[in-house]
Amino acid sequence: MSRFLRLFEPLSRNCGSWTKKLAEGPSLEAFIANSSVPRENYDPTEVPYLIDESAQLKKVFFEVYGCQMNVNDTEIVWSILKKKGYERVLNHNAANVVLIMTCSIREGAEQKIWRRLQDLRKHKQRRDLQVGVLGCMAERLKTQLLEKEKSVDVVAGPDSYRDLPRLLETASGGQAGVNVQLSLDETYADVTPVRLDERRKTAFVSIMRGCNNMCTYCIVPFTRGRERSRPMNSILDEVRHLSLNGVKEVTLLGQNVNSYRDMSEESHPFIRFTDVGLAKGFKSKCKLRSGGLGFADLLHQVAEVDPEMRVRFTSPHPKDFPDEVLQVISSHKNICNHIHLPAQSGSTRVLDLMGRGYTREDYLTLVDTIYKFMPNVSLTSDFITGFCGETEDEHQMTLSLVEQVGYTFCYAFPYSLREKTRAHRRLEDDVPLEDKKRRAIEILEVFRRKAKLKFEKQIGDIQTVLVEGESKRSTEELFGRNEGNTKVIIANEVGGERIHPGEYVSVRITNCSSQTMIGEVLRKTSLQSSTDEEEKRQMIL
Ligand code: 5AD
Ligand code: SF4
């Protein structure tokens, strides 16, 4: 039954003459034509009296688990619900709708959400509450969620957020609202995300969704579907909007962010880098798309929007780093000299089993090329430990790769078997959990030791820091990040003048640990007024 009919249902059931009068009266079209909404702006999903009726009392609380993409997806969901009249609350006890944005990448992430759902079941017994499970876990476990966890009212996969208002309404009628249909073209290009914390000076912008790589361990291609890119113009509009609202740093997001490709005709005049392929030596397991506007061009266009706005991106795949992308990064002051370069393993045999499409040597050659373009680059990475059949020697290869590259940050994840993946079907998860965990700790130890050495060498350097907020340690201190994305702790004033989030400051590094630096603020600055290197020279003179 349509939303419109549902609204009039009690009326028509109880009073036959009303049905007749309604049928004889002005049509819905006539009603809309005479309303205050201009006809050209009429959107059938936005009939005002329906919005008020259905959403008046809906107070929504969001809980976000997993990656940055999930944060941005929640902002898309919030934008969709806000338009329908929902109110957001920051305390779940004040909510009558709790929406959980979920992650399926590892077993542990899912366990956490199952526990949370059990918790929410108790709340539901005490009061009127709708619980919705969104995102990857919804996609992967739809029936289980409804059968095992009776507290779930709505299940919405990553491509069905536009349908959420209807799903919530269905749930209000006592039936579960479910939509886990994946799409080949949904990018939410026309939805302007509403940021969860609008005071923040940093923001995320999704540029593509899904992944075609099919790394053998990874559930993402199954939960988030095929790769698709958002048209460049809508990305640039969003970046301009953020810049006008005082945002000083955007992070472009995608599961495979650097395989971005906009094939639309409007993008053609902006193509500078034609026939850009893969990084040297790398193979693609999926069909390579040629033509159109690629990541190098998009990065260039985004960086040009506002020279005082920093640009970052995550998460890339090493295969999609042709020289053109490195050239664009190194030639723009506002594109940060930081590359997250997930290696996953330092052993060519394990990389082959993982289906990564490169060898240890290809990866190291790419690292050398990156250092040639950007000698001061910060590299960070992801590793999986104890993947099917990984031996101690192969793990040692990973440790030696971490040592050789000298990352400033690494994640190390014990391998977690995921159903449906190729590794689940073809390989054996045979490394004991204790070994997986120990190997992960060993990777972290090597990266921390190397990172500390790197940071110690930077003591005395002058760096530009974007201030983000109050430091956790003290209200007298602020924290920000340098280009390499390392946290820098600073005082909250310089020369008697208060420093605010969103300002750039020139900082002399005075101390460091393996993960944080301490700095002395010299002055407020702008991104374009000086580079770190220039400042270093000025200090020497
Ligand atoms: N087990 C452990 N880690 C995984 N990742 C992806 N799939 C798995 C898995 N099944 C890690 C990879 C990826 C990061 C986002 O999560 O390192 O880069
Ligand atoms: Fe998963 Fe590999 Fe795609 Fe990353 S590139 S999302 S690890 S399949």
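**Exercise 1. Decide whether cysteine 136 is buried or exposed, and find out how many disulfides the chain has.**

Solution. Cysteine 136 has a relative accessible area of 8%, and the scale to apply calls a residue buried under 20% relative accessible area, exposed over 50% and partly exposed in between, with a 1.4 Å probe and protein chains only. Cysteine 136 is therefore buried. For cysteine 136 the nearest cysteine sulfur belongs to cysteine 103 and is 6.3 Å away, and cysteine 136 is in no disulfide. Cysteine 211, at 9% relative accessibility, also counts as buried.

The model is predicted, so that local features need pLDDT of at least 70 and side-chain atom pairs count only at pLDDT 80 or more, while totals for chains, interfaces and linings use all residues. Residues are numbered from 1 along each chain as its sequence is written, chains are lettered from A and ligands numbered from 1 in the order in which they are written, and side-chain values use heavy atoms, with hydrogens and water left out.

**Exercise 2. Identify which residues touch the most other members of the largest nonpolar core, and explain where this core lies.**

Solution. A nonpolar core is a set of buried Ala, Val, Leu, Ile, Met, Phe, Trp, Tyr and Cys residues joined through side-chain atoms within 4.5 Å. The largest one has 75 residues, and those touching the most other members are Ile207, Leu252, Leu299, Ile339 and Tyr407. Because domain 3 (202–456) and domain 4 (462–540) both give residues to this core, it lies between them; the domain bounds come from an automatic or database domain assignment. To look at one member, take leucine 252, whose contacts (heavy atoms within 4.5 Å) include Val205, Phe295, Leu299, Val311 and Phe313, with residues up to four places away in sequence not counted. Apart from this core lies another, of 22 residues, among them Trp78, Ile80, Leu164 and Ala171.

**Exercise 3. Work out how the axes of helix α14 and helix α15 are placed, and which residues meet.**

Solution. Helices (H or I, at least four residues) and strands (E, at least two) are DSSP runs, numbered from the N terminus. Axes are lines fitted to C-alpha atoms, for helices over the stretch in contact, and angles run from 0 to 180 degrees between N-to-C directions. The axes of α14 (residues 360–373) and α15 (residues 392–405) come within 11 Å and cross at roughly 10°. Angles under 35 degrees count as roughly parallel, over 145 as roughly antiparallel, 65 to 115 as roughly perpendicular and the rest as oblique, and α14 and α15 are therefore roughly parallel to each other. Where they meet, α14 gives Arg360, Tyr363, Leu364, Val367 and Tyr371, while α15 gives Met397, Ser400, Leu401, Gln404 and Val405.

Definitions and conventions
A disulfide is a pair of cysteine sulfur atoms within 2.5 Å.
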